[in-house]
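Visitor: I am new to this structure. Please show me how to read its features, one at a time.

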Amino acid sequence: MKLVVYCYLSMIVLGVQAWPTVKRSFELYPGAAMPYTEHRIADCMHVASEPGDYIFKKSAAAPPAAPLAALNFNRDATLLELEAATSEQLEAAAAAESVCGLYVIGEPDTIVEITMKHYDVNCESGGLMAFVDGWELNGEYFPAVKDHHRLLEDRVFEFCNNNKQWPRFSNKKFFRSSQNAALLQYRIPTRGSFVANVRFHKISQPCNVLVQDTAAVYQMSNFGHARNCTLSALFPAAVSLGSLRIGGKTVRAQEKVNYDCHQYEDRLDIGGSAGLDTTSMELASAVCGASTELGPEQAVFCGVTSVRLVSTGRYQNQAAVIVRKADEHDLDIATLLCAL
């Protein structure tokens with residue numbers, strides 16, 4: 001009996017001593033103690049660069065405007081009143097069918113993770129959501145279709161709620177992007193809601209990068225792979241290069257950096273375009289060679305300024321790209337002016 005009592009007391013003492021260690025083990029995960037952050041989506045095109053829950057809710061839409069034939073117009077109704085009524089109907093219909101988006105952008109060396117914690121988007125009412133690996137705007141994509149390692153059909157995942165499905169399954173979904181940009185599109189004609197949790201994860205070998213800073217230095221490299229990597233800024237920009245090493249030994253052995261390397265397979269293309277699709281961008285220069293000195297600035301006045309590293313995989317290509325927003329004072333260093 002004494003032995004049983006002794007073992008029991010020993011277990012209590014050991015348990016009390018072990019508790020502080022167990023408690024401290026939870027402190028190894030500081031993320032668990034992070035404050036809960038909520039962001040309300042109010043704009044149809046909402047740009048997000050912070051982690052947290054992004055919440056959207058749409059109440060039942062107002063009843064549609066009555067058709068023109070059912071309106072009680074006086075005989076003296078003017079053409080202006082008729083046009084105003086028609087305009088209101090068209091605007092209401094356009095608002096109901098509009099496709100909106102949560103455009104997420106992170107640091108250059110991150111990827112985006114989106115977890116759908118909840119979504120009430122009815123398929124039967126025409127509601128639809130879609131995750132896009134990258135950004136889409138006016139039918140154009142970043143990264144461009146030809147520059148991405150995944151096919152376009154594998155980059156877009158559509159989903160909605162099927163309320164007739166039985167048994168009903170959990171509607172939680174999980175997505176990850178291939179670069180620092182991702183898009184959550186949604187069309188909710190009548191009513192609906194969703195909660196999307198956004199997180200960012202560091203990666204060691206970034207390739208395609210969407211620029212969010214108006215002045216920064218970016219490291220581009222193919223890391224020995226045969227691929228195209230594109231850096232795109234959604235504004236006219238002044239670009240300069242430093243720590244450049246692109247191409248084979250014969251190219252890198254030249255005395256000066258070559259800004260006319262269109263004939264070489266490994267090169268750095270600098271140019272611009274009106275939209276996100278950079279495969280059809282106008283070229284300002286094609287660079288190759290090697291240098292540790294900062295090169296001259298050149299300004300690209302286009303809606304989107306892009307720097308694409310084209311690599312065959314035979315060489316370790318890399319470059320430090322300095323990007324800043326261009327203004328009217330940079331017109332004298334402009335190498336490309338896109339048509340407005």
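Visitor: Which residues make the nonpolar surface patch of about 250 Å²?

Guide: A patch is built from residues with over 30% relative accessible area and no salt bridge; like charges are joined within 9 Å, and nonpolar side chains (Val, Leu, Ile, Met, Phe, Trp, Tyr) within 5 Å. Areas come from the Shrake-Rupley method with a 1.4 Å probe, and for residues only the protein chains shown count as cover. Here the patch is made by Met45, Val47 and Leu137.

Visitor: What kind of model am I reading?

Guide: This is a predicted model, in which local features need pLDDT of at least 70 and side-chain atom pairs count only at pLDDT 80 or more, while totals for chains, interfaces and linings use all residues. Residues are numbered from 1 along each chain as its sequence is written, and side-chain values use heavy atoms, with hydrogens and water left out.

Visitor: Where does Val47 lie?

Guide: Strands (E, at least two residues) and helices (H or I, at least four) are DSSP runs, numbered from the N terminus. Val47 belongs to strand β2, residues 45-48.

Visitor: How exposed is Val47?

Guide: Buried means under 20% relative accessible area, exposed means over 50%, and partly exposed lies in between (1.4 Å probe, protein chains only). Val47 has 49%, so it is partly exposed.

Visitor: Now strand β5. How many of its residues are buried?

Guide: Eight of the 11 residues in β5 (residues 110-120) are buried. The strand is therefore largely enclosed by the rest of the structure.

Visitor: Which strand is joined to β5 by 10 bridges?

Guide: Two strands pair if DSSP finds at least two bridges between them. Strand β12 (residues 192-202) runs antiparallel to β5, with 10 bridges joining the two. Take Tyr119: its bridge partner in β12 is Phe194. β5 also pairs with strand β10 (residues 173-176), again in the antiparallel sense, over four bridges. There, Ile114 has Phe175 as its bridge partner.

Visitor: Is Thr115 buried or exposed?

Guide: Thr115 sits in β5. Its relative accessible area is 10%, so Thr115 is buried.

Visitor: What does Thr115 touch?

Guide: Contact means heavy atoms within 4.5 Å. Leaving out residues up to four places away in sequence, Thr115 touches Lys172, Lys173, Phe174, Val195, Ala196 and Asn197.

Visitor: How many disulfides does the whole structure have?

Guide: A disulfide is a covalent bond between the sulfur atoms of two cysteines. The search takes pairs of cysteine sulfur atoms within 2.5 Å. It finds five disulfides. Counting bonded cysteines along the chain, the pattern is 1-2, 3-4, 5-6, 7-8, 9-10.

Visitor: Which cysteine is joined to Cys44?

Guide: Cys44 is bonded to Cys100, S to S 2.1 Å. The pair links distant parts of the chain, 56 residues apart: Cys44 is in the loop between β1 (38-40) and β2, and Cys100 is in strand β4 (residues 100-105). The link of Cys44 and Cys100 is left-handed, with -100° about the S-S bond. Cys44 is partly exposed at 35% relative accessibility, whereas Cys100 is buried at 14%.

Visitor: Why is the disulfide of Cys123 and Cys160 called right-handed?

Guide: The torsion about its S-S bond is about 110°, so the disulfide of Cys123 and Cys160 is right-handed. Their sulfur atoms are 1.9 Å apart.

Visitor: What about Cys207 and Cys229?

Guide: These two form a disulfide, with sulfur atoms 2.0 Å apart. Cys207 is buried at 18% relative accessibility, and Cys229 is buried at 1%.

Visitor: How many salt bridges are there?

Guide: Side chains of opposite charge can pair when their charged atoms come close. A salt bridge needs a side-chain nitrogen of Lys or Arg within 4 Å of a carboxyl oxygen of Asp or Glu. The count comes to 11. One of them joins Lys202 and Asp109 (3.3 Å, N to O). Lys202 lies in β12 and Asp109 in the loop between β4 and β5, so the pair ties together parts 93 residues apart in sequence. Lys202 is exposed at 63% relative accessibility, while Asp109 is partly exposed at 27%.

Visitor: Which residues are linked in a network of salt bridges?

Guide: Glu113, Arg176 and Arg199 are linked in this way.
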